[in-house]
Amino acid sequence: MHQNADNSSPVGEDIKDFTSEKGSPGSTPDNGSATPTHKRSIDGQPGGEAGHIPSTNNDEYTYPEGGLGAWLTVFGAWCGLAGGLGLLNTVATLQNYVSTHQLAQYPESTVGWIFSIQAFIVFFCGIQIGPAFDAYGPRVLVFTGSVLLVVAMMLLGECSKYWHFVLCYSILSGVGSSLLVTPPLASVGHFFNRRRAFATGLAMTGPALGGVIFPLVFRAVYPALGYAWACRVLGFIILFLLIFANMFLRSRLPRSKPSVKDVLPDFTIYLDGDGALALCGAGLFFMELGLFIPLAYITSYCIANGVSNEFSYQILSILNAASVVGRGVPGLLADRVGRYNTNAVMLACCSLTNFLIWLPITLMKPAPSSSTIKGVMIFYAVAFGLFSGSNLSLIGPCIGQLCETKHYGRYFATVYVFTSIAALIGIPIAGQLVDVAGGRYWGLIVFTGASYMASAVCMGIVRIIRVGKSARAIF
């Protein structure tokens, strides 16, 4: 819609955006929102220019970039992602508990498969979920995912055998969570372009905050009420969050009818002429390979090195608390200096925190005291949390910068065909490295740092392909 920048206040513009979306003449309803007209202005900028971040696609739609409806969608995405991905950020707490209780007879790498399969399913199922979102919007997908995830958490407390955990946690919660990833992220993309990285980063603080709360709640409840009730309490918290996700998530761009082709990976998207999307996918693969390893093993590392159980469970909450800041601030920065610029720097910093902080304390001879390890690991958790927070929040904006928004669901899903494989193998590889090293963690740390550095290099090359080597280029 055209706005008079001289006569309208920001608040008035927000209200006008929302009311116009709901009932502009000639609009087509989409869960209460309007189909946008082509090439309308954004915040008074003629021609639909997406701020100062250069776009490499020919997107024919423009976006509210704010307003009540847009920010309620961000809040709904925040709640959905907190419930859906919050468990992924709690993996160290759950893995350490079951590996020392119900599944104590299994080696570390075997237990790790339970959690890596769940991460794999979360992202791999996006192959179908992305096109389904493009065709039907978020409502049915998010409701189905909410039911599956809450049921899985209630049943998790009854699990006692390995196959119980695979069926309940790996598969049931994995499918439920997968339905709560692509729809929230894609919904935010329907309302923001110029400010997409910031809005996505804001929504992605939800999983980080879930990663702060869930371990603390689990640790507080299970000594008093037992493991089963600890899982149920987490289930009720997730249920509360997902009620708001179902209330507020919506899409606004025109929908396309699905075909058989729509639910299959569209690998032709990689034939973009310069390999930028393929390199982006490779960068995300290496990032995902390293991302969940610290989340899965930081607690067991602390316990293995003499740190108290109480603090070893709290360290994961410290990491995720730092990640809250690390998801919001880089998104705001990315919209100003470039999404690939920001992502490449953050990925390189993730690599350096592993090589310069975690690895030296692990290789130190003689072995440092538990109090020294505790202090260093607090520093590592804060630094890694700050830098890794942007890992997931910048995925959507980076992929979206290489495609039209109406095809975002399909692009996101296809890229994650390969990325989900990294989520599947990362944790078991790390566990095997610990077993091979006789219980020491240096191999795991080197593997994590190398994965992050490879990811940073790939993202840097994408930037060079699209905008050249100039250090001042914004992309």
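Me: Looking at α3 and α10, which hand does their crossing have?
Reply: The crossing of α3 and α10 is right-handed. Bear in mind that this is a predicted model.

Me: What angle do they pack at, and how far apart are the axes?
Reply: Helix α3 (residues 91–100) and helix α10 (residues 205–225) pack at about 35 degrees, and their axes are 9 Å apart.

Me: Why give both an angle and a distance?
Reply: Those are the two values by which a pair of packed helices is described.

Me: Which residues meet there?
Reply: From α3 they are T93, L94 and Y97, and from α10 they are P215, F218 and Y222. F218 turns up again in the largest nonpolar core, as one of the residues that touch the most other members.

Me: How many residues are in that core, and which others touch the most members?
Reply: The core has 117 residues, and F115, L156, F292, M377 and L444 are listed along with F218. Helix α12 (residues 276–304) supplies the largest share, 14 residues.

Me: Pick L444. What is it in contact with?
Reply: Leaving out neighbours within four places in sequence, L444 is in contact with I293, Y297, W358, A430, L433 and V434.

Me: What about a second core, which residues does it include?
Reply: There is a separate core of six residues, and I129, A132, L141 and A186 are among them.

Me: Stepping back, how many helices and strands does the chain have?
Reply: The chain has 19 helices and zero strands. Of its 475 residues, 59% count as buried.

Me: Now α14. How many residues, and what span?
Reply: Helix α14 (residues 339–363) has 25 residues and spans 35 Å from first C-alpha to last, close to the 36 Å expected at 1.5 Å a residue.

Me: Where does α14 bend?
Reply: The bend is at N354, by about 25 degrees.

Me: Is α14 enclosed or open, and why?
Reply: Helix α14 is largely enclosed by the rest of the structure, because 18 of its 25 residues are buried.

Me: Switching to α7. How many of its residues are buried?
Reply: Helix α7 is mostly covered, with 12 of its 17 residues buried. Those buried residues include Y162, F165, C168 and Y169.

Me: What does V175 touch?
Reply: Not counting residues up to four places away in sequence, V175 touches I121 and L148. V175 and I121 are 54 residues apart in sequence, while their C-alpha atoms are 6.2 Å apart in space.

Me: And A422, buried or exposed?
Reply: A422 counts as buried, because its relative accessibility is 1% and the cut-off for buried is under 20%. A422 belongs to helix α18 (residues 408–436).

Me: Which residues does A422 touch?
Reply: Beyond residues up to four places away in sequence, A422 touches F285, E288 and L289. Its C-alpha is separated by 9.3 Å from that of A119, a residue 303 places away along the chain.

Me: What about S390, where is it?
Reply: S390 lies in helix α16 (residues 390–393). S390 has 0% relative accessibility, so it counts as buried. Setting aside residues up to four places away in sequence, S390 touches G326, R327, P330, N343 and M346.

Me: Last pair, α8 and α9. At what angle do they cross?
Reply: The axes of helix α8 (residues 182–189) and helix α9 (residues 196–203) cross at roughly 145 degrees and come within 9 Å. The crossing of α8 and α9 is right-handed.

Me: Which residues meet in that pair?
Reply: L185, V188 and G189 in α8 meet R196, A199, T200 and A203 in α9.

Notes:
Residues are numbered from 1 along each chain as its sequence is written. This is a predicted model: local features need pLDDT of at least 70, side-chain atom pairs count only at pLDDT 80 or more; totals for chains, interfaces and linings use all residues. Side-chain values use heavy atoms; hydrogens and water are left out. A nonpolar core is a set of buried Ala, Val, Leu, Ile, Met, Phe, Trp, Tyr and Cys residues joined through side-chain atoms within 4.5 Å. Buried means under 20% relative accessible area, exposed over 50%, partly exposed in between (1.4 Å probe, protein chains only). Helices (H or I, at least four residues) and strands (E, at least two) are DSSP runs, numbered from the N terminus. Contact means heavy atoms within 4.5 Å. The expected span of a helix is 1.5 Å times one less than its number of residues. The bend at a residue is the angle between axes fitted to the seven residues ending there and the seven starting there. Axes are lines fitted to C-alpha atoms, for helices over the stretch in contact, and angles run from 0 to 180 degrees between N-to-C directions. A crossing is left-handed if the near helix is turned anticlockwise from the far one by less than a right angle, and right-handed if clockwise.
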